[in-house]
Amino acid sequence: MKAVLVGLGMVADMHALSCLDSDKVTLHGICARRQATAAAYAQKLLQSFGMEVRIYRDIAEIAADPEVDFVIIATPPSAREALIAPLVEAGKPILLEKPVARTLEEARKVVSICAGRVPLGMVFQHQMRAGSEKLGELMPLLGALHSVQIDVPWWRPQSYYDEPGRGTYAQDGGGVLLTQAIHILELALSLTGPAARVQAMARTSATHKMEAEDFVAAGVEFANGAVGVILATTANFPGATESITLNCAQGSAVLARGVLDIHWRDGRHGSFGAEDDGSGGGADPMAFKHGWHQAVIEDFVAAVLGGQAPRVTGQKALQVHALIEALIRSSSAGKMVEVAHV
């Protein structure tokens, strides 16, 4: 299938290399807000990887091109609805880099625009790690979920937030929750089920000068009765690995750096997956390989061709948006709040 990549920021290389290595998709074209940016990136693809791509002037030109099979949107979330609407009208399937949008309300609207008209998939590449997939398979055997610990102790230097729009509500929609921790929170919710209530403190630490939050600590009650804690920050120098710990009736699971460790109550122990070279938790946000993105793209292609839902749909992604919205709302109110139903 032929894909067009819209948005040529940090994550663009992940998508380009994924298409280069895949026998299921070709990067047919690219599009950026500035033509000079697109031209420079096209030249880079040609010189570095031997990839020839078409440069599109705008989203309308992409929508009108019958050769385009689907569109990957990797822009900041502030631009989403205006980009999506013409593609939906043209019947182009859409694969979105997280988040769906800046707010839960905006995310609902994006999902609504696509519903029943075009497939809407989400790039949550942590779902594609071998350890993550194995834990999903083992959850029924682990039994009832009792408690959860979600840690995202990442680091970003001030130079990261000095880039225009970074960590602002207007462009990014928020800070560490919506931009970094959303990956781990979405993966955790796919294992635990939805959160019901949260009590949170979200702050901007003295480490950074930025508009939105870089530190969040919270208690969570899940719909299934389990309890949990969340810690998410980009102020943890030099950055440590994210982890999800699930304590269940028949055993406990720890998923960290791509490796899953299971300790069963009957004394058995199992380890699955291989340790990742990195996940973007340190100063370099792109310090990980493109294989996870390639798996997301190939899953989306298979879903479109087969008429089934991709691994993470826009509708499923609303669950993590509802959790993030509740965490911020709880911090602002200084009390426990209910998580919206989606």
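The side chain of Glu242 makes a polar contact with the side chain of Trp154 at 3.0 Å, and another with the side chain of Arg129. A polar contact is a pair of N or O atoms within 3.5 Å, one able to donate a hydrogen and the other to accept it. This is a predicted model, in which local features need pLDDT of at least 70 and side-chain atom pairs count only at pLDDT 80 or more. Residues are numbered from 1 along each chain, and side-chain values use heavy atoms, without hydrogens and water.

| Side chain | Partner side chain | Distance |
|---|---|---|
| Glu242 | Trp154 | 3.0 Å |
| Glu242 | Arg129 | 3.0 Å |

Glu242 lies in the loop between β10 (227-233) and β11 (243-248). With a relative accessible area of 2%, Glu242 is buried (under 20% relative accessible area).

Helix α10 (residues 314-333) packs against helix α8 (residues 176-192) at an angle of about 125 degrees, with axes 9 Å apart. The pair is therefore oblique, the class left for angles that are not under 35 degrees (roughly parallel), over 145 (roughly antiparallel) or 65 to 115 (roughly perpendicular). Residues in contact (heavy atoms within 4.5 Å) include Leu177 and Ile182 of α8 and Val320 and Leu327 of α10. By class, this contact has 10 nonpolar, 2 polar and 1 charged residues.

Helix α5 (residues 104-114) and α10 have axes that come within 9 Å and cross at roughly 175 degrees. α5 and α10 are therefore roughly antiparallel to each other. Among the residues in contact are Leu104 and Val111 of α5 and Leu318 and Ala322 of α10.

How values were computed: Axes fitted to C-alpha atoms, helices over the stretch in contact; angles between N-to-C directions. Helix = DSSP H or I, 4+ residues; strand = E, 2+ residues; numbered from the N terminus. Nonpolar A, V, L, I, M, F, W, Y, C, P; charged D, E, K, R; others polar. Buried < 20%, exposed > 50% of the residue type's maximum accessible area, 1.4 Å probe, protein only.
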